[in-house]
Amino acid sequence: MDERSSSSHHRLLIALLMVLLFGVITIQYVCPSKSECQLLHQLVSWFKDGRATVIRSSDNEIRAGLQKDPYIAEDGALVRFVPRFNFTKADLIRDVDFNIKGDDVIVFLHIQKTGGTTFGRHLVRNIQLERPCECHAGQKKCTCFRPGKKETWLFSRFSTGWSCGLHADWTELTSCVPSRMDSREVPESMPSRNYYYITILRDPVSRYLSEWRHVQRGATWKASLHVCDGRSPTLTELPSCYSGDDWSGCTLQEFMDCPYNLANNRQTRMLADLSLVGCYNVSAMNEEERWAVLLESAKRNLIGMAFFGLTEYQRKTQYLFERTFNLEFISPFTQLNGTRASSVEVPAETDHRILKLNRWDVELYEYARDLFLQRFQVARQQERRQARARRQQERRRLRSRLSTKQGWQILKPTESPRQPDQRSVVTEGQQRGKVGGDSEESEVLFPEWWDLDENSTLQDYMDNVEQW
């Protein structure tokens, strides 16, 4: 009885192993593209890891395949996320016809401690252009002229400088940029320029801690103008958090305790239209109502921007910028998680207080992240559809070429019987009732070995021809 039981157990284990092996082979056959079927191939990878002694040789291949797509899990997030907000098609598909040779201008709204300095350098040093920006050692600004013109196409810190004030916000830029551009450049005929605003956002807690560390080292941003409705705020409207030349050496507790600290909800304030709430006059309405208005304004302005990126998604940010403006970067963006803010460890209660102080920024960032990832998914879907259309076009071109190859023929149904070792495939033109302008029906005869799935592109066909 023991021998029979042991033998049956062995047979059962062998049967289960064969079923699992068959499943692995089936998955690889049905879904060969690992970048398209991450979940299935991840399961395969787990199976192979657990049974490395049985199938060891293919494990590295699958893992390498999972890394072919540079946009997958760059931040540890799921490839497919569940959207929380409903956006229209116009919100998700950016219809930007940026003409660098015309009069269009990209305006970069640089929010402090969002990685804007790195992104700004990408704009002037890392884009493939017919006429690259001229950047010289020792100079803070680059010259970014259009091809054949002495006119700039970029309004940013590293091209035009802080022309509208240090870290000018939405309120300042929208009222300042047009007049500044007109004063800098006076063409023969005054153009009607298109201004495409862009910005970068960051996780509120990380950004807040990064700003505190920056201020702790002596940063002040005193040169910021904060112009709203034609004037800067008074000291009564915008008091200072410190009395000396700077706030160097301040503790995190001191930084959080200042009620006038502009670091609180900075991203919401800088993206909103401050004139809607009386600029910096906080007595115009109660605080809750004021920030609710600012948040909705920031959301509207953000969704209306030509582009925005997120610090936590560098490769996706690069991808969406390239898709939006039809420009390509020379070198890929790098996801750096080892920032000064990431090295700051704070107690749970401190983290909770930072979240509370930046409540409106948290809401804005959640909204922005959802919109950003939905835009990325839509853009990727569009790219895949376009690639599929190109493959179909290549397939049609291939079929037309096959009809003229030696040993291949186009036969009308009445001309000759079909050979036993051949099978017919109805052409796309036959479905329309026309092939090559002829109104009569026709069909293309392929050898028995021909498989449309395996010969969907010219490269596949040439490989098969060499084997044939």
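## Overall make-up

Helices (H or I, at least four residues) and strands (E, at least two) are taken here as DSSP runs and are numbered from the N terminus. On that basis the protein has 15 helices and seven strands. The structure is a predicted model, in which local features need pLDDT of at least 70 and side-chain atom pairs count only at pLDDT 80 or more, whereas totals for chains, interfaces and linings use all residues. Residues are numbered from 1 along each chain as its sequence is written, and side-chain values use heavy atoms, with hydrogens and water left out.

A residue is called buried under 20% relative accessible area, exposed over 50%, and partly exposed in between (1.4 Å probe, protein chains only). By this criterion buried residues make up 43% of the 468 residues in the protein. The protein exposes about 26,600 Å², of which carbon and sulfur atoms supply 50%; accessible areas come from the Shrake-Rupley method with a 1.4 Å probe, and for residues only the protein chains shown count as cover. Where contact means heavy atoms within 4.5 Å, residues 24 or more positions apart account for 70% of the contacts in the protein with a separation of 6 or more.

## The parallel sheet

Strands of a sheet pair through backbone hydrogen bonds, either parallel or antiparallel. Two strands are treated as paired if DSSP finds at least two bridges between them. In this model four strands form an open sheet in the order S2-S1-S3-S4, and the pairing is parallel. Strand S2 (154-155) and strand S4 (307-310) stand at the edges with a single partner strand each, so one side of each is left without a neighbour in the sheet.

Strand S1 and strand S3 pair in the parallel sense over five bridges, and in S3 the bridge partner of Ile106 is Tyr196. Strand S3 (residues 195-201) also pairs with S4 in the parallel sense, over four bridges; Ile200 stands opposite Gly309 in S4, and Leu201 stands opposite Leu310 in S4. Six of the seven residues of S3 are buried, so this strand is largely enclosed by the rest of the structure.

In a regular strand the side chains alternate between the two faces of the sheet. In S4, Phe307 and Gly309 point one way while Phe308 and Leu310 point the other way, and all are buried.

## Helices across the sheet

Helix H5 (residues 116-125) lies across strand S1 (105-109), S2, S3 and S4, running at about 165° to S1. Helix H6 (residues 170-184) lies across S1, S2 and S3, running at about 145° to S3.

## Salt bridges

Side chains of opposite charge can pair when their charged atoms come close. The criterion used for a salt bridge is a side-chain nitrogen of Lys or Arg within 4 Å of a carboxyl oxygen of Asp or Glu, and a search of the whole structure finds 13 salt bridges. In one of them Glu288 pairs with Arg359, the closest N and O atoms being 2.8 Å apart. This pair links distant parts of the chain, with Glu288 in helix H10 (residues 287-304) and Arg359 in helix H13 (residues 359-402), 71 residues apart. Glu288 is partly exposed at 44% relative accessibility, and Arg359 is partly exposed with a relative accessible area of 34%.

Other salt bridges lie within a helix. Lys299 and Glu296 meet through their side chains (3.9 Å, N to O), and both lie in helix H10, three residues apart, about one turn of the helix; Lys299 is buried, with a relative accessible area of 14%, whereas Glu296 is partly exposed at 40%. The side chains of Glu383 and Arg380 meet in a salt bridge (3.4 Å, N to O), and the two residues are three apart in helix H13, so about one helical turn separates them. Glu383 counts as partly exposed at 28% relative accessibility, whereas Arg380 is buried at 11%. Elsewhere, salt bridges that share partners join Arg207, Glu211 and Arg266 into one network.

## A nonpolar surface patch

Patches are made of residues with over 30% relative accessible area and no salt bridge, with like charges joined within 9 Å and nonpolar side chains (Val, Leu, Ile, Met, Phe, Trp, Tyr) within 5 Å. Leu12, Leu13 and Leu16 form a nonpolar patch on the surface, with about 300 Å² of accessible area together. Of these, Leu16 lies in helix H1 (residues 2-30) and is partly exposed, with a relative accessible area of 46%.

Terms used. Axes are lines fitted to C-alpha atoms, for helices over the stretch in contact, and angles run from 0 to 180 degrees between N-to-C directions.
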